Amino acid sequence: MEITNEEQDYNSLVQRRHEELKELVAKGILPFAYEYEVNNYSLTIKNDFEKYESKDVRIAGRIMAIRRMGKASFAHLQDKDGRIQIYLKRDELGEVYDVFKLLDIGDIIGVEGFVFKTKTGEISVHTKSFQLLAKSLLPIPIAKETTDESGNKTIHDQFVDKELRYRQRYVDLIVNPEVKEVFIKRSKIVTELKKFLDSKGIIEVETPILQPLYGGAAARPFVTHHNTLDIDLYLRIADELYLKRLIVGGFDSVYEISKDFRNEGMDRTHNPEFTMLELYVAYKDYNWMMTFVEEMISNVCQNVFGSLEFEVEGKQINFSAPWKRISMVDEIKLASGVDVITATYQELVQVLKKKGVEIKGGESKGKLIDELFEVTVQPFLVQPTFVTDYPVELSPLAKPHRTRKGLVERFEVFVLGREICNAFSELNDPIDQKKRFEEQSRMIEEGDEEAHQIDEDYVRALEYGMPPTAGLGIGIDRLTMLLTNQSSIRDVILFPQMKPQKG
């Protein structure tokens, strides 16, 4: 295979860095240090210059730019907070200055010096000493890096290839600082959710990831094998059934923020490994949970972002309570003219085909109803909206609606046409629950890979008695996408699942 000019340039850069490494070692320089005491950070120094002016500081970071001028050099260091310029003078550093000639963009160094402003007004650190902490043997992936006769290095482009950014997130974080901000915001969102739940006295718990039966959602599971027990186990698709066992056992309220796994397609809103918040509160119903969700999400928006209004994909989204509440079946009827409760299976198929939806055959009535909702209602739900009262076929774990036959007490919240949470008045009738599991089992036999298995132990738990309970699940990834204005779930997961690279 012929090597391109770009590959030759890259190989030359790598070779040069290895040669620099050998030269550093020959000079007695340790290229990979053990530690370095850092006392100060770029943002703190720049934000409080008057306090730090002429004071000694110890900073460390990655070299992101170098400008050499014979007897002096400037460089920009990037630490956890941002970038700051350093100034090095040959007359002051002596032979140590020659070591700096062997350093590259990407190398990590520690610097001790005093803070000052250059003639152009840039806050900088006048270097009194520096230490190499880690030699970068690979150039930061950029379109082009050039070095002039004076040794000045120039970056002509940033790391923009989306797929490469996901595969090499460590490089993405180095060269695209705004990416790190998204994940800092994600961390704060989770922290605020936990603070809110803890403040309400809801207990955080842990439940099994490896489960003998999967359940709690309609999804295809990942299967693994336990050698000692010689049994197949499933990576959980949801925490629901275990958390409700704890309600049976006497916990009044529990929550878990966990990794769940679903063996399904990948797209801009789906990753096979994702993060969920699930919580269950005894003696409450879905009406109570709607108000709780409004309060919780509004609290997160205010405490993390300082606002209840967001611009997302060019639209202004307002999370101020109260949010609109609509009935799923009523909205479908308004949008399509179809009463999904009384409509036959074939009538639903015909309506969907007229709307251009491909029907493969074998879908349950519930799936057809869900498809009809997705094409006639969901895309038009822009502001935060509670969609309530789903057909029973769609919700095998929800309590029957107390006034509307054929429906269950369930809601989902949609924003910009995306579902961000799902909640029920939880079914606590063990007889009804077993019948629904049996119906789901029949659907499995008919080829529905996402239907529920029969969980006899969960039915047994209900037979001991579970109090009225409200349950909620929130997708942390999708919530973060929304609040940080990211269009793909891969932009809010540090290491998303990727197809194997060819070659």
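Reader: Which residue stands opposite Gln211 in strand 11?

Author: In this predicted model, Gln211 faces Tyr234 of strand 11. Two bridges join strand 9 to strand 11 (residues 231-235), and the two run antiparallel.

Reader: In what order do the strands of that sheet come?

Author: The sheet is open and consists of three strands in the order 9-11-10, with antiparallel pairing. Strand 9 (210-211) and strand 10 (223-226) are at the edges, and each has a single partner strand, so one side of each lacks a neighbour in the sheet.

Reader: Turning to strand 20, how many of its residues are buried?

Author: Seven of the seven residues of strand 20 (residues 469-475) are buried, so the strand is largely enclosed by the rest of the structure.

Reader: Which residues lie on one side of strand 20 and which on the other?

Author: Thr469, Gly471, Gly473 and Gly475 are on one side, with Ala470, Leu472 and Ile474 on the other; all are buried, and both faces of the strand are covered. In a regular strand, side chains alternate between the two faces of the sheet.

Reader: How many bridges join strand 13 to strand 20, and how many join strand 19 to strand 20?

Author: Strand 13 (residues 273-282) is joined to strand 20 by seven bridges, in an antiparallel arrangement. For strand 19 (residues 418-425) there are five bridges to strand 20, also running antiparallel. Leu279 is found opposite Leu472 of strand 20, while Ser425 is opposite Ala470 of strand 20.

Reader: What does Leu279 touch?

Author: Leaving aside residues up to four places away in sequence, Leu279 touches Leu197, Ile202, Val254, Tyr255, Met289, Phe292, Met296, Ala470, Gly471 and Leu472.

Reader: And which residues have the most contacts inside the largest nonpolar core?

Author: Those are Leu279, Val293, Met296, Phe319, Phe411 and Leu472, within a core of 40 residues. Two or more residues of this core come from each of helix 8 (177-199), strand 13, helix 10 (286-305), strand 14 (309-312), strand 18 (407-415), strand 19, strand 20 and helix 16 (476-484). Helix 10 gives the largest share, 10 residues. There is also a second, separate core of 39 residues, which includes Ala343, Leu368, Leu394 and Leu462.

Reader: Changing topic: what is the count of salt bridges?

Author: The count comes to 34 salt bridges. One of the pairs is Glu192 with Lys195, whose closest N and O atoms are 3.7 Å apart. Both residues belong to helix 8 and are three residues apart, about one turn of the helix.

Reader: Is Glu192 buried or exposed?

Author: Glu192 counts as buried, because its relative accessibility of 12% is under 20%.

Reader: What does Glu419 form a salt bridge with?

Author: Glu419 pairs with Arg478, with the closest N and O atoms 3.6 Å apart. Glu419 is in strand 19 and Arg478 in helix 16, so the pair ties together parts that are 59 residues apart in sequence. Glu419 is partly exposed, with a relative accessible area of 23%, and Arg478 is partly exposed as well, at 22%.

Reader: Which residues are linked in a network of salt bridges?

Author: One network links Arg16, Glu20, Asp104, Asp107 and Lys135.

Reader: Lastly, which residues of helix 12 are buried?

Author: In helix 12 (residues 345-354), the buried residues are Leu348, Val349, Val351 and Leu352. Viewed down the helix axis, the buried residues fall within an arc of 165 degrees, so they line one face of helix 12.

Reader: What covers the buried residues of helix 12, and what does the face turned away carry?

Author: The cover includes helix 13 (365-376). The face turned away from the buried side carries the exposed residues Lys353 and Lys354. Just after helix 12, Gly356 adopts a positive phi of about 85 degrees.

Definitions and conventions: Residues are numbered from 1 along each chain as its sequence is written. This is a predicted model: local features need pLDDT of at least 70, side-chain atom pairs count only at pLDDT 80 or more; totals for chains, interfaces and linings use all residues. Side-chain values use heavy atoms; hydrogens and water are left out. Buried means under 20% relative accessible area, exposed over 50%, partly exposed in between (1.4 Å probe, protein chains only). Helices (H or I, at least four residues) and strands (E, at least two) are DSSP runs, numbered from the N terminus. Two strands pair if DSSP finds at least two bridges between them. A nonpolar core is a set of buried Ala, Val, Leu, Ile, Met, Phe, Trp, Tyr and Cys residues joined through side-chain atoms within 4.5 Å. Contact means heavy atoms within 4.5 Å. A salt bridge is a side-chain nitrogen of Lys or Arg within 4 Å of a carboxyl oxygen of Asp or Glu. The arc is that of the directions from the helix axis to the C-beta atoms.
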